Protein chains: 2
Amino acid sequence: MYRMVSIAEAQETVLKAISPLPSVSLGLSDAVGYILGEDVIAREPLPPFPASIKDGYAVVSADGPGDYDVAFEALAGTAAGHLKAGTVAYITTGAPLPEGADAVVQIENTEKLPPGSDGQQRVRIVKPAKGPGDDVRATGSDIASGEVVLAKGSRIGAAEIGLLATVGAATVQVWRKARVAVLSTGDELVEPDCAQLGPGQIRDANRFMLAAAARSAGCEAVDLGIARDDPAQVEAKFQEAIAQGVDVLLTSGGVSVGDRDFIKPILERQGTVHFGKVCMKPGKPLTFATLNGDAGSSGRGLVVFGLPGNPVSSIVTFNLVVLPALRAMAGWAEPRLRRVHARMQMAIKLDPERPETGESAGELAAVSTGGQISSRLLSMRSANALLELPAAQGLLPAGSLVSALLIDDLGAMTVPEEIPLVVPTL
Amino acid sequence: MYRMVSIAEAQETVLKAISPLPSVSLGLSDAVGYILGEDVIAREPLPPFPASIKDGYAVVSADGPGDYDVAFEALAGTAAGHLKAGTVAYITTGAPLPEGADAVVQIENTEKLPPGSDGQQRVRIVKPAKGPGDDVRATGSDIASGEVVLAKGSRIGAAEIGLLATVGAATVQVWRKARVAVLSTGDELVEPDCAQLGPGQIRDANRFMLAAAARSAGCEAVDLGIARDDPAQVEAKFQEAIAQGVDVLLTSGGVSVGDRDFIKPILERQGTVHFGKVCMKPGKPLTFATLNGDAGSSGRGLVVFGLPGNPVSSIVTFNLVVLPALRAMAGWAEPRLRRVHARMQMAIKLDPERPETGESAGELAAVSTGGQISSRLLSMRSANALLELPAAQGLLPAGSLVSALLIDDLGAMTVPEEIPLVVPTL
Ligand SMILES: [Mg+2]
Ligand SMILES: [Mg+2]
């Protein structure tokens with residue numbers, strides 16, 4: 001029998017047992033979503049030269065307003081020319097400021113004059129530069145030479161890709177993401193494309209759901225199929241996971257107390273079971289083990305999560321315990337789920353047995369997706385957070401502030417703010 | 001000259017000019033992140049039979065506590081047997097309830113007895129079932145036959161993949177996502193891997209940043225490289241975009257008022273420019289055009305966004321105007337960015353010229369990433385929201401409530417809630 005551990009203890013145990021995977025070198029275009037494994041430093045200043053912020057005229061600011069010869073054109077991508085006082089140069093945005101010039105007057109503050117009799121272009125400076133440096137980006141004003149533009153541990157998004165390109169970091173060291181195998185267990189399971197269910201059969205949902213969740217975390221998913229409730233078949237699948245060199249194996253089903261539940265006994269024989277019972281609802285039979293030896297693509301052993309077979313239990317335990325582990329392996333400094341606060345829009349019945357901590361102080365609106373039975377996957381449809389409900393009798397009244405863990409991109413909920421945050425209760 | 005339009009007007013104009021792309025059929029494992037293009041209906045009830053919720057014994061609930069013969073085993077994945085009153089059957093989680101039985105007693109409420117002299121397995125029911133249906137999931141209690149489990153327009157995440165697998169929807173109709181070409185323009189640009197910058201040169205960042213942003217939205221990105229400040233070269237790239245059958249072309253640079261800015265004149269010649277100047281900071285020269293004819297992979301014409309060349313302007317206008325367009329093309333019913341509210345942790349200088357609307361009522365913490373000059377991409381590093389600041393003189397004091405648009409996954413900000421929301425000011 002396993003000691004019942006709290007969710008926090010389960011998470012801590014997992015995060016202690018794993019470590020970031022080795023780093024790999026990736027090209028710029030492949031690095032989105034990874035965590036940077038090195039400081040990235042600018043080798044040159046940006047801009048590398050004093051650059052015009054506007055389209056207009058490079059001037060000697062002390063010359064002031066008046067009519068000027070346009071001595072030459074200073075175009076982006078060309079070497080800086082040399083400007084004599086008493087003349088101006090046409091300049092485009094991003095072009096190097098000519099030597100001798102100290103400011104730019106934007107085109108809107110000038111007036112084109114008719115060319116001189118010798119064909120000389122001329123311009124009237126109507127509103128002069130305020131002083132040296134006006135509308136000029138000084139060398140290194142965006143990025144100083146030697147500056148750390150992205151620190152080790154940064155998460156790489158689109159803006160970070162832009163920064164890497166800017167400083168010439170065409171390849172970067174990032175932490176590798178886990179390869180995750182998914183295995184469903186159960187004599188009752190058939191493939192989703194099964195046209196006609198036989199007696200006692202249901203379609204396997206967990207394998208596809210967990211693979212999708214792993215992929216959404218940026219991991220590669222390896223499909224190990226379905227193992228029947230037969231220890232030899234389950235063990236063979238474990239060996240297949242090891243042979244495929246995956247870092248993480250997610251099983252679902254077979255972790256309850258029934259005499260056809262073989263996952264825990266096999267894990268005990270082959271490695272170390274760190275916990276086998278967690279104080280949460282749903283998800284109580286969640287099991288975590290590490291298999292010793294040289295398994296895993298990094299030779300660090302295989303990490304195994306035995307998830308419950310009920311689909312809601314399986315996706316909830318994935319989010320609460322597996323996802324932080326995948327993030328930690330990928331180098332996230334803070335792999336835990338983000339906690340927000342939300343105001344209940346409806347009353348919710350509490351469960352006295354298995355507690356969750358509650359806190360307060362927020363403004364998002366929470367509605368339960370209802371139907372908390374752990375087999376009922378419809379309760380996870382459109383869910384973007386998991387409510388953390390206190391262990392208590394009775395009802396949590398509407399208007400209560402509850403704590404919630406984000407499991408989906410709130411930014412993808414583009415709806416106006418009056419639309420509620422939809423949450424299944426734990 | 002172009003009329004200055006508001007951000008809201010720009011967004012509305014774009015959303016009016018485009019429509020969702022045609023739907024495509026995808027396998028279950030490829031459908032994450034897409035919008036469902038059809039109602040998905042359950043063809044059978046779930047569970048398809050009365051199923052045990054626990055490992056334990058199937059009983060006739062009226063029999064009550066006492067010692068019973070274990071008549072047979074009812075295992076998951078097998079056909080339901082027939083139970084006679086006065087006996088019980090061993091049953092595993094998910095197994096069909098035997099005919100004649102009406103409840104399940106979990107194993108924890110029973111005691112195994114020594115077998116009878118004839119070898120007959122026997123069990124003591126210590127704590128009986130409360131009544132018919134106890135620990136049994138009735139047929140269709142999770143999903144009714146004929147129920148719409150996912151409606152057209154649903155966004156498909158991991159839980160939704162599980163639902164699709166459950167009801168046997170091995171392939172689904174989803175809206176296709178846009179193919180997006182990225183093109184940088186400017187004589188000053190060189191590739192990121194350039195070892196030594198020449199006079200007046202800088203590395204191209206926008207193309208890689210915008211491609212990454214398009215990919216993060218699930219789109220395929222096509223790299224058209226760099227066009228010099230030469231109308232013939234720009235036009236050739238436009239033709240290449242059309243020949244490649246992309247849906248959207250993102251250019252950056254060449255949309256200002258300088259005489260080397262060719263994007264707008266070419267768009268005017270080849271199609272319809274809907275706007276060329278937006279009241280926002282940064283991002284004012286943002287240009288939107290549609291090219292008539294049979295361009296675009298769906299034969300609906302090519303949608304072109306001329307983004308400003310400064311990298312901050314370019315990623316900000318991408319998020320505010322392009323991203324909603326890509327979402328609308330992918331079938332999102334509400335493609336606009338999600339608005340949240342945040343409390344300023346520091347004072348911010350306001351800009352009287354180009355307004356943004358402000359609202360109030362929230363609890364996230366906002367700190368500015370500083371350095372608002374539109375070339376300074378460092379100000380976008382780690383940014384996850386765009387503040388919407390009112391047009392006004394002076395300072396917005398710390399403690400003010402401001403409205404903000406999410407541009408990153410808050411759920412990926414796994415840090416505790418006291419860590420601030422980091423935002424660049426518009
Ligand atoms: Mg089972
Ligand atoms: Mg240019």
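This is a predicted model: local features need pLDDT of at least 70, side-chain atom pairs count only at pLDDT 80 or more; totals for chains, interfaces and linings use all residues.
Student: Which strands are the edge strands of the open six-stranded sheet in chain B?
Tutor: The sheet has mixed pairing, and its strand order is E16-E13-E17-E20-E19-E18. An edge strand pairs on one side only.

Student: What is the bridge partner of Thr287(B) in E20(B)?
Tutor: Strand E19 of chain B covers residues 287–291, and E20 of chain B covers residues 302–307. The two run antiparallel and are joined by five bridges. For Thr287(B), the partner in E20(B) is Gly306(B).

Student: Which strands of the sheet does helix H4 of chain B touch?
Tutor: Helix H3 (residues 206–216) of chain B packs on the sheet and touches E13, E16, E17 and E20 of that chain; its direction makes about 165 degrees with that of E13(B). Helix H4 (residues 231–243) of chain B also packs on the sheet, with its direction at about 165 degrees to that of E16(B). The strands touched by H4 are E13, E16, E17, E19 and E20 of chain B.

Student: What kind of axis relates chain A to chain B?
Tutor: Chain A can be laid on chain B with an RMSD of 0.0 Å. This takes a turn of 180 degrees and a shift of 0.0 Å along the axis. That relation is the one given by a two-fold axis.

Student: In chain A, which residue has the C-alpha nearest the axis?
Tutor: The C-alpha in question lies 2.4 Å from the axis. The residue is Asp409(A).

Student: Why do the copies meet through the same surface?
Tutor: The interface residues of chain A are compared with those of chain B. The copies meet through the same surface because the share of chain A interface residues that are also interface residues in chain B is 100%.

Student: Is H2(A) roughly parallel or roughly antiparallel to H3(B)?
Tutor: The axes of H2 (residues 158–166) of chain A and H3(B) come within 8 Å and cross at roughly 160 degrees. Angles over 145 degrees count as roughly antiparallel. H2(A) is therefore, relative to H3(B), roughly antiparallel.

Student: How many residues of the contact of H2(A) with H3(B) are nonpolar?
Tutor: Residues making the contact include Ile161(A) and Gly162(A) of H2(A), and Phe208(B) and Met209(B) of H3(B). One residue of the contact is polar and none is charged. The number of nonpolar residues is eight.

Note on methods
Residues are numbered from 1 along each chain as its sequence is written. Chains are lettered from A and ligands numbered from 1 in the order in which they are written. Side-chain values use heavy atoms; hydrogens and water are left out. Two strands pair if DSSP finds at least two bridges between them. Helices (H or I, at least four residues) and strands (E, at least two) are DSSP runs, numbered from the N terminus. Contact means heavy atoms within 4.5 Å. Axes are lines fitted to C-alpha atoms, for helices over the stretch in contact, and angles run from 0 to 180 degrees between N-to-C directions. Copies are superposed by least squares on the C-alpha atoms of residues with pLDDT of at least 70 in both. Angles under 35 degrees count as roughly parallel, over 145 as roughly antiparallel, 65 to 115 as roughly perpendicular and the rest as oblique. Ala, Val, Leu, Ile, Met, Phe, Trp, Tyr, Cys and Pro count as nonpolar, Asp, Glu, Lys and Arg as charged, and the others, Gly among them, as polar.
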